[in-house]
Amino acid sequence: MIDMHCHIIPYTDDGAIDLNTSIDMARKAKDVGYEGIFATSHYIIPDNEVLNEEYVQNIKKINDTLEKENIDIKIYHGNEIFFTNDIIDLVKDHKVCTLGDSKYVLVELPLFNSIIPMNVYEEFNKLQDEGYVPILAHPERYDFVTRDIKNLIPLIEAGVLLQSNIASITGKYGRNPQRNIKKMLKSNMVHLLGTDSHTTSVYEIYDKAMNKIKRTLKNDEMLNTILNENPDKILNNEEISIWYPKSK
Ligand SMILES: [Fe+2]
């Protein structure tokens, strides 16, 4: 099982504050069952442009420490790219990392848009034209989803994959994201699950959250697909197929 969304790299964004925290997060991730983590550090122009060289060195440092301490979990490349024009150029110029160097690109949108900005389709199209697959991070947190989860259908139809945060179901991000993820799960609109950990706190509520997700989804096969199989497919750069959304 691979965590496809995690801010484990220290000194990079609002995630792990130092190497000790990173190692602690990795240890706790291992305890709840993860074998790998995509290190999806924020990439936000112009505030948080992660220097690729430093980032890659940090991943190596964490992996070396994990090996030394016999913690059997591996950290892979990634970024959570804050939506901007010409993401495709950032990818092609290696200013950002795709997930595990695959064709999958994790993108987040501003939280407070009541409609999807129109250029989202245009920019995602540019990625797709070059063979990349956009993944939208935590859709349940966006205002346009709170307004109506059906607003996600055109994105799904445009080939965008949706990644929800496990802790959204516990209310960690407030009532709206909690309601939204429940609706999304019941409507086949969650394609991938990740922790979006910034510290160790998510692992404390992990089992409780997963139980809630299981009870809401009522489909163990689908749960296995979105939690285990699909993140594995990203790591292996394989195709992900999805269930068609139920309209509710
Ligand atoms: Fe994140």
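Student: What makes strand 8 and strand 9 a pair in this predicted model?

Tutor: Three bridges join strand 8, residues 161-165, to strand 9. Two strands pair if DSSP finds at least two bridges between them, so these strands pair. They run parallel, and Gln 163 stands opposite Leu 192 in strand 9.

Student: Why is strand 9 called an edge strand?

Tutor: The sheet is open and holds six strands in the order 3-5-6-7-8-9, with parallel pairing. Strand 9 (192-194) pairs on one side only, as does strand 3 (41-43), and these are the edge strands. From one strand to the next, the twist averages 35°.

Student: How do you know whether Leu 185 is buried or exposed?

Tutor: Leu 185 has 26 C-beta neighbours inside 10 Å. A residue is buried if 20 or more other C-beta atoms lie within that distance, and therefore Leu 185 counts as buried.

Student: Where is Leu 185 found, and which residues does Leu 185 touch, not counting residues up to four places away in sequence?

Tutor: Leu 185 is found in helix 7, which spans residues 175-186. With that exclusion, Leu 185 touches Val 190, Ile 213, Thr 216 and Leu 217. Leu 217 is 32 residues apart from Leu 185 along the chain, and their C-alpha atoms are separated by 5.5 Å.

Student: Which residues have the most contacts inside the largest nonpolar core?

Tutor: They are Ile 8, Ile 37, Ala 39, Val 105, Val 107 and Ile 135, in a core of 66 residues. Not counting residues up to four places away in sequence, Ile 8 touches several residues, including Ile 37, Ala 39 and Ile 75.

Notes
Residues are numbered from 1 along each chain as its sequence is written. This is a predicted model: local features need pLDDT of at least 70, side-chain atom pairs count only at pLDDT 80 or more; totals for chains, interfaces and linings use all residues. A nonpolar core is a set of buried Ala, Val, Leu, Ile, Met, Phe, Trp, Tyr and Cys residues joined through C-beta atoms within 7 Å. A residue is buried if 20 or more other C-beta atoms lie within 10 Å of its own, exposed if 12 or fewer, and partly exposed in between; C-beta atoms are placed from the backbone. Two residues are in contact if their C-beta atoms, placed from the backbone, lie within 7 Å. Axes are lines fitted to C-alpha atoms, for helices over the stretch in contact, and angles run from 0 to 180 degrees between N-to-C directions.
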